[in-house]
Amino acid sequence: MVQNPPEGFPHITPYLLYEDLDAAVDWLIATFGLEESVRMPGPDGKAIHAELKMGPGVVMMGHPGPDYQNPKRRGGATQLVYVYVDDVDKHHEAAKSAGATILNHPADQFYGDRTYGAEDPEGHHWSFAQHVKDVAPEEMHP
């Protein structure tokens, strides 16, 4: 029997689109520490689909064709990817040192996570978090 979702995939997986998928994959690996699991070349040899992992999470990505415009060219992001890491302060320093555009620096949030935000070269927004405190829903106040 076929497993659904396939082994190693969560039930919900973001799929991000990039104009230069190869450059994006290389940058995300070098800057945010994601791991490449799949890179599919198109007829011209450039990647048209890729899959990156961090822990049990997967981000799929692709290049939809010449008419696509990334968030940077369209004037802003419309979504973000939220990623849990073991040490958000260390991750922030590594991303900053690698040249990531930092949108906000690490800060404790009212819901118990310590987070920071970054933007990749094509304008996609990423939030990295470390859960540092359990907070009951009725105690969450912005």
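The lining of the largest pocket has 14 nonpolar, one polar and one charged residues. (Nonpolar: Ala, Val, Leu, Ile, Met, Phe, Trp, Tyr, Cys and Pro; charged: Asp, Glu, Lys and Arg; polar: the others, Gly among them.) This is a predicted model, where local features need pLDDT of at least 70, side-chain atom pairs need 80 or more, and totals for chains, interfaces and linings use all residues. Residues are numbered from 1 along each chain as its sequence is written, and side-chain values use heavy atoms, leaving out hydrogens and water.

**Exercise 1.** Classify the aromatic pair of Phe110 and Tyr111.

*Step 1.* Rings of Phe, Tyr and Trp (its six-membered ring) pair with centres within 6.5 Å; planes under 30 degrees apart are stacked, over 60 edge-to-face, the rest tilted.
*Step 2.* The structure holds seven such pairs. In this one, the centres of Phe110 and Tyr111 are 5.1 Å apart and the planes make 85°, so call the pair edge-to-face.

**Exercise 2.** Now classify the pair of Trp126 and Phe128.

*Step 1.* Their ring centres lie 6.3 Å apart with planes at 5°, so this pair is stacked.
*Step 2.* Trp126 has 1% relative accessible area, so it's buried. Phe128 is buried as well, at 0%.

**Exercise 3.** Which residues do ring pairs link into a cluster with Trp126 and Phe128?

*Step 1.* Follow the ring pairs: Trp27, Phe32 and Tyr116 join Trp126 and Phe128 in the cluster.

Definitions and conventions
Buried means under 20% relative accessible area, exposed over 50%, partly exposed in between (1.4 Å probe, protein chains only).
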